[in-house]
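Work through the exercises below with the sequence and the structure at hand. Each task is followed by a solution in steps.

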Amino acid sequence: MTIKLVLFLMDHLHWLLLGVMVLVGVIASQTSIALGVVLAIVCGVGIHAFLHNSNPLTPWLREQDDQVVFLACRGVGVPSARRMYRWLPSDPRCRLCLVPFGGVGKLLRITPSRKNPGFCTDCLEAAPVGAYEKEVGVLFADIRGFTAWSEKRSPAEVADGLTRFYALASRVLTRDDALVECIGDQVMALYLPDFPSLGQRTSEVMISAAERLLREIDRQPAEDVLPVGVGIHIGLASVGNVGQGNTKDFTAVGDVVNTAARLQSSALAGQIVVSDEIYARAADHCPQAERVSLSLKGKSEPVGAHVIHARRGVA
C-alpha cells in the first residue's frame, strides 16, 4: 500500500506541487504578497527535498521495498518528474529524473552518482539495499595481456595507464547512460532497458558504445594505445544495491554478468564479442559480424557468439 501511494504521488507530482504552492501562496497572500511568494518557493523546495530522500520516512520506506525506482521508470512517475524538474535552474542535471545539480539542486544537496556523473545519487546510490530480477545489458572492456604489459613498466606507469583507461572508458560509456564500474584491469558497464533513453535500443546502443570506445583508444598517442577487447551480453539479472548500510554498491549479479565477462575474455585486442542474444536484437547494426562457437570457462556446452572487428580509426 505504501509503495502504491508513493508511486501515485510520483505519477501526479506536478499537480501535487502546484496545488500545495497555490494553497500556501493564497493563504499567505492574505497577509503579505511578498510572504506568499517566499512561502510558495520554500514549500516547493521542501517538497523536492522530501522526494529526494531528505525526509524522516526514507529509512522506513527503504526497509519495506525498493522497487520504487524501477517501477517509476516503467510508469509515468519518472516522465512526470522530468517534466517538472526540467524547468528548474540550472544545468547540469540528472539524465534520468532531470533534477538539476546546480541552482535549486544545490539547495537540495543533489549530487552526481559515482557510477555515472550524469545521474544523481538519489536515482542510484540512495536507493535502498535490495536487488530485483530485471533485464540488463552488460559490457566488459578489458586490457588484453595486462600482466605482460605491466611487467615491462614501473608501478607508476601502470597506474597512469589504468587511470587513463578508466577515464576514457567512463567518458565514452556514460554518454549512453551506462552505469560504469572499474574492476582491476577492466571496466564493466550496465545498461538498463528500463531507462527511458535505452529501451528497445539497448543492444544497438551497447555495440555502438563499444565501437566508439575502441576508436577513441586507437586515437590516443601510439605509446598510450592499450590492447582492449570487449564482450557484450544481455539477459535477466538481480539488479539493485547489494551490501549493507552505507557499504553498498549498485550492480547486477547473475549468469548474464558471468557470460559477458567470459565473452570478453575470448576477445582479442580490437574485437567485440557479442552473444547470440545481442546479435539477434541488433543484426542490422553489425551485418559483417562473424559467427563463432566458443567454449567458455564454466559453461557445460559451447556458446554461440558473433565477433565484430571494430573499424578502428574511423570517425
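**Exercise 1: a strand and its partners**

In β8, the bridge partner of Val273 is Val307. The model is a predicted one.

Task: State which strands pair with β8 and in what sense, and decide whether β8 is enclosed or open to the outside.

Solution. 
- Step 1. Strand β6, residues 271–275, pairs with β8 in the antiparallel sense over five bridges.
- Step 2. Strand β7, residues 290–294, also pairs with β8 in the antiparallel sense, over five bridges. Within this pairing, Leu294 stands opposite Val303.
- Step 3. Buried means under 20% relative accessible area. Of the seven residues of β8 (303–309), six are buried, so the strand is largely enclosed by the rest of the structure.

**Exercise 2: the faces of a helix**

Solution. 

**Exercise 3: an aromatic pair**

Task: Classify the pair formed by Phe165 and Tyr166 as stacked, tilted or edge-to-face, and compare the burial of Phe165 with that of Tyr166.

Solution. 
- Step 1. The whole structure holds three aromatic pairs. In the one formed by Phe165 and Tyr166, the centres are 6.2 Å apart and the planes make 40 degrees, which is tilted.
- Step 2. Phe165 has a relative accessible area of 2% and is buried. Tyr166, at 22%, is partly exposed.

**Exercise 4: nonpolar cores**

Task: Name the residues of the largest nonpolar core that touch the most other members, and the helix that gives the core its largest share.

Solution. 
- Step 1. The largest core has 69 residues, and Leu139, Leu173, Tyr191 and Ile232 touch the most other members.
- Step 2. Helix α10, residues 202–218, supplies the largest share of this core, eight residues.
- Step 3. Apart from this core lies another, of nine residues, including Leu294, Val303, Ala305 and Val307.
- Step 4. Beyond its neighbours within four places in sequence, Tyr191 is in contact with residues including Leu139, Leu173, Val205 and Met206.

Notes
Residues are numbered from 1 along each chain as its sequence is written. This is a predicted model: local features need pLDDT of at least 70, side-chain atom pairs count only at pLDDT 80 or more; totals for chains, interfaces and linings use all residues. Side-chain values use heavy atoms; hydrogens and water are left out. Buried means under 20% relative accessible area, exposed over 50%, partly exposed in between (1.4 Å probe, protein chains only). Helices (H or I, at least four residues) and strands (E, at least two) are DSSP runs, numbered from the N terminus. Two strands pair if DSSP finds at least two bridges between them. Rings of Phe, Tyr and Trp (its six-membered ring) pair if their centres lie within 6.5 Å; planes under 30 degrees apart count as stacked, over 60 as edge-to-face and the rest as tilted. A nonpolar core is a set of buried Ala, Val, Leu, Ile, Met, Phe, Trp, Tyr and Cys residues joined through side-chain atoms within 4.5 Å. Contact means heavy atoms within 4.5 Å.
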